[in-house]
Amino acid sequence: NAEYMGGSVAAPKAAAGAGGRFGGGAPKCPTCTKSVYEAEKQLGPGGIAYHKMCFVCSVDSCRKRLDSTTMAEKDTVLFCTGCYSARYGAAGFGAARSRTQLIDE
C-alpha cells in the first residue's frame, strides 16, 4: 500500500504481460493482475480494463465500487470523488468560490 496525503491507499499492481500457458490475449487487470474478459470488463482511465469487482476506491477505509460518474484518478490510482476531494481538492481561503464568481471579478 502506498501512502497518499496521510492516508493508506492500495496502489495498482504492475500488470503481467498478455499471454500465458494457453496463449490467452486478454488484458490484465492492474488491481489483481488477472486476465479481464469481455463479460467482466470495466474500462478505467486511459481505456485500461479492470474487473468490475476490482474497480473500487483505492483508499483502504473506503473501497467503494466505482463507475464513470463516481471515479477520479491521480497518477493511475483510482479514488471515489469524495476521497479524491478530501485528499487533493482545493483548500484555503476562497476555495469554495465558483469559477463564475472568479471570472466576474
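Reader: Which residue stands opposite valine 77 in strand 6?
Author: Lysine 74. Strands here are DSSP E runs of at least two residues, numbered from the N terminus. One caution: this is a predicted model, where local features need pLDDT of at least 70, side-chain atom pairs count only at pLDDT 80 or more, and totals for chains, interfaces and linings use all residues. Residues are numbered from 1 along each chain as its sequence is written, and side-chain values use heavy atoms, with hydrogens and water left out.

Reader: How many bridges join strand 5 to strand 6?
Author: Four, and the strands run antiparallel. Pairing takes at least two DSSP bridges. The two strands make a hairpin with two residues between them. Aspartate 75, in that turn, has a positive phi of about 55°.

Reader: Are the residues of strand 6 buried or exposed?
Author: Buried, on both faces. Val77 and Phe79 lie on one side, Leu78 and Cys80 on the other. Buried means under 20% relative accessible area, with a 1.4 Å probe and protein chains only.

Reader: New topic. How many disulfides?
Author: Zero in the whole structure. A disulfide needs two cysteine sulfur atoms within 2.5 Å.

Definitions and conventions. Buried means under 20% relative accessible area, exposed over 50%, partly exposed in between (1.4 Å probe, protein chains only).
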